[in-house]
Amino acid sequence: MGRLAIYVTSGPYSLQNSDTAYQLAKAALARGHEVIGIYEQVDGVFNLNKNITPLEETDRNIAKQLEELAKLGVKIMGCPVCANYRGVQSEDLLVEGAAFEGLGAVADLVLECDKFVSLGY
Amino acid sequence: MTKVNFLLRKAPYGSVNDVEGFRLCTAFAAMEIDTNAIFIDDGVFVALSGQDPKAIGLPPVSAAYERLTDMNVKVFLLEESLKERGISREDLIGEDFSLIGKTELARLISESDFTLSF
């Protein structure tokens, strides 16, 4: 079985990237692959904000989706520098199971994974 | 040794792609990953000398570009992209780069473990 890592640089509800990251991680886990981590850089840090509230109840909650993946053992990480630049630096705003890690964590993912999926602009 | 290419495709200042790409590039090189920064399409504008973005309130992207080779990142510029934009070798910053064609670009990609696009 493979080891998948996902890297996202866009925010929620703008592009399909956040949804792709979630769906791909779920599909990989369902097939017995390991998802070793999802790293959110640049506007990706907004995906980790636990205050995300969709207008429609039927719409997906991207923050909750990441929380769900964290509970399934996927390491969810965000760039602390990008968060500072965007004023979302508080650990209190992070979804449960997520943490800020420096960019060395992305290098670790690259070194440990079989497939690295980069979702950006 | 794990080999990673960064394909930098966007012009500086209009988006944060180059700056964030550089940050990740240097983080990878510091972790002893064999790291190439390959500038193609409008990305080659990053290597243009004489950048002065003071008027738009931004620091020059070229400063981070110039540090890449000091951080053990190998720099490549696609000749076709330079030619299309009327940029000649004399217009470029420093000499720590290699000019490559599309065949060489394909080789770099095929010989690497991962290629990330910015």
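This is a predicted model: local features need pLDDT of at least 70, side-chain atom pairs count only at pLDDT 80 or more; totals for chains, interfaces and linings use all residues.
## The sheet of chain B

B:Asn5 stands opposite B:Thr115, a residue of strand E5(B). Strand E1 of chain B covers residues 3–8, and it pairs with E5(B) in the parallel sense over 4 bridges.

Step back from that pair and the whole sheet comes into view. Chain B has an open sheet of 5 strands with parallel pairing, in the order E4-E3-E2-E1-E5. Strand E4 (98–100) and E5 of chain B stand at the edges with a single partner strand each, so one side of each has no neighbour in the sheet. On average, neighbouring strands of this sheet are turned by 25° against each other, direction ignored. H1(B) lies across E1 and E2 of chain B, and its direction is at about 165° to E1(B).

## The sheet of chain A

Now turn to chain A. Here an open sheet of 5 strands runs in the order E4-E3-E2-E1-E5, with parallel pairing. Its edges are strand E4 (98–100) and strand E5 (115–119) of chain A; each has a single partner strand, so one side of each is left without a neighbour in the sheet. From one strand to the next, the twist averages 20°.

## Helix H1 of chain A

Helix H1 of chain A, residues 17–30, lies across strand E1 (3–8), strand E2 (34–40) and E5 of chain A. It runs at about 170° to E1(A).

Which residues of H1(A) are buried? They are A:Asn17, A:Ser18, A:Ala21, A:Tyr22, A:Ala25 and A:Ala28. These residues cover an arc of only 140° around the axis, so they sit on the same side of H1(A). The buried residues pack against E1, E2, H2 and E5 of chain A. On the face turned away from that buried side, H1(A) carries the exposed residues A:Ala27 and A:Ala30. Just after the helix, A:Gly32 takes a positive phi of about 90°.

## Two loop residues with positive phi

Most residues other than glycine have a negative phi. A:Val42 is not a glycine, yet it has a positive phi of about 50°. A:Val42 is found in the loop between E2 and H2 of chain A. Is A:Val42 buried or exposed? It has 24 C-beta neighbours inside 10 Å, so it counts as buried.

In chain B, B:Asp41 also has a positive phi of about 50° although it is not a glycine. Its place is in the loop between strand E2 (34–39) and helix H2 (61–67) of chain B. With 16 other C-beta atoms within 10 Å, B:Asp41 is partly exposed.

## Two buried residues in chain B

B:Val73 is found in the loop between H2 and strand E3 (74–78) of chain B. It is buried, with 22 other C-beta atoms within 10 Å. Leaving aside residues up to four places away in sequence, B:Val73 touches B:Cys25, B:Thr26, B:Ala29, B:Thr35, B:Ala37 and B:Leu68.

B:Leu82 lies in helix H3 (residues 79–84) of chain B. With 21 C-beta neighbours inside 10 Å, B:Leu82 also counts as buried. Its contacts, again not counting residues up to four places away in sequence, are B:Val44, B:Leu77 and B:Ile87.

## Where the chains meet

How many residues does each chain bring to the contact? Chain B gives 16 residues and chain A gives 13 residues. On the side of chain B that touches chain A, the elements giving two or more residues are helix H1 (17–30) and strand E5 (114–117) of chain B. H1(B) gives the most to this side, with 6 residues. The residues on this side of chain B divide into 10 nonpolar, 4 polar and 2 charged.

Conventions. Residues are numbered from 1 along each chain as its sequence is written. Chains are lettered from A and ligands numbered from 1 in the order in which they are written. Two strands pair if DSSP finds at least two bridges between them. Axes are lines fitted to C-alpha atoms, for helices over the stretch in contact, and angles run from 0 to 180 degrees between N-to-C directions. Two residues are in contact if their C-beta atoms, placed from the backbone, lie within 7 Å. Ala, Val, Leu, Ile, Met, Phe, Trp, Tyr, Cys and Pro count as nonpolar, Asp, Glu, Lys and Arg as charged, and the others, Gly among them, as polar. A residue is buried if 20 or more other C-beta atoms lie within 10 Å of its own, exposed if 12 or fewer, and partly exposed in between; C-beta atoms are placed from the backbone. The arc is that of the directions from the helix axis to the C-beta atoms.
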